[in-house]
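Please open the structure in your viewer and keep the selection tool at hand. The tour moves from one selection to the next.

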Amino acid sequence: MTILSEQSVREFKHHLINGSNALGIKVSDHQSEQMLVHSKELMVWNKKINLTAIKKPLQIAEKHFIDSIAAASFLGNEQSVIDLGSGGGFPGIPIKIMNPSVNVVLIDSSRKKINFLKHIIRMLDLDTIDAIHSRVEDLHENNVYKNKFDAVISRAFTDLSKFVKLAAPFLNKKGAIYAMKGKNADQEITPEILEQYNLTTDHYRLPFEKSNRYVIKLSAKS
Ligand SMILES: C[S@@+](CC[C@H](N)C(=O)[O-])C[C@H]1O[C@@H](n2cnc3c(N)ncnc32)[C@H](O)[C@@H]1O
């Protein structure tokens, strides 16, 4: 099925590459092609299952892909990343596309969304990435995932306090938690979080619509 005209494809890639460039991030032609494939499938599957409220191609480019790529640029050189409540694959799939050597695990409690994510992984022929159908809390005692990750990340999953509790069991000793947030991010930071973690906040603005985004990084106090 042709979901995008040739003109729309050109506009999508242009938007993705130029918008990322404006944030100082280089997206190659191959990477933009991979994100285009993911976007087209997102639009097709979204007609049957609820993957995203964002439906226009250029908005998908900016609000899903550029947002995920920008947040990924604040990761250190982590080699294993788990994305909690990954939904349509954000930020986990763009993280993998931008950093092919990183091991990525995507978790979601919706079987339909996991089927979609497995389909994308197959279409893009990605390796060292897995999509797991589970509630996050049901994996806390699973030795495959417990204390195994350098980074736990999420976007639009839950509030910061709850995310920290759900993320902590996955971290290895040097691991860090990354929460992608929109406006009022600072209001979610509680004294309990500051007691337990060193906190840094990075900021960027989406390049076209100009809204503010924050990545809150938490690493355990030694
Ligand atoms: C609002 S969506 C965000 C999706 C994606 N991270 C994004 O930013 O586009 C939240 C996702 O978390 C999943 N979810 C909610 N509670 C969960 C839980 N306890 N364990 C695993 N996934 C969960 C939902 O199925 C949904 O796909």
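Begin with the shell around the ligand, whose residues divide into five nonpolar, six polar and five charged (Ala, Val, Leu, Ile, Met, Phe, Trp, Tyr, Cys and Pro count as nonpolar, Asp, Glu, Lys and Arg as charged, and the others, Gly among them, as polar). This is a predicted model, in which local features need pLDDT of at least 70 and side-chain atom pairs count only at pLDDT 80 or more, while totals for chains, interfaces and linings use all residues. Residues are numbered from 1 along each chain as its sequence is written.

Select next the residues that surround the ligand, 16 in number, the closest being Gly85, Gly87, Ser109, Arg155 and Ala156 (a residue is near a molecule if its C-beta atom, placed from the backbone, lies within 6 Å of it). The unreviewed UniProt entry annotates as "binding site" a set including Val136 and Arg155, although such annotations may be inferred rather than shown by experiment.

Now select arginine 155, which is found in strand E4 (strands are DSSP runs of E, at least two residues, and helices runs of H or I, at least four, numbered from the N terminus). Arginine 155 counts as buried, with 23 C-beta neighbours inside 10 Å, the cut-off being 20 or more other C-beta atoms within 10 Å of its own. Leaving aside neighbours within four places in sequence, arginine 155 is in contact with Phe90, Pro91 and Met180 (C-beta atoms, placed from the backbone, within 7 Å).

Terms used. A residue is buried if 20 or more other C-beta atoms lie within 10 Å of its own, exposed if 12 or fewer, and partly exposed in between; C-beta atoms are placed from the backbone. Two residues are in contact if their C-beta atoms, placed from the backbone, lie within 7 Å.
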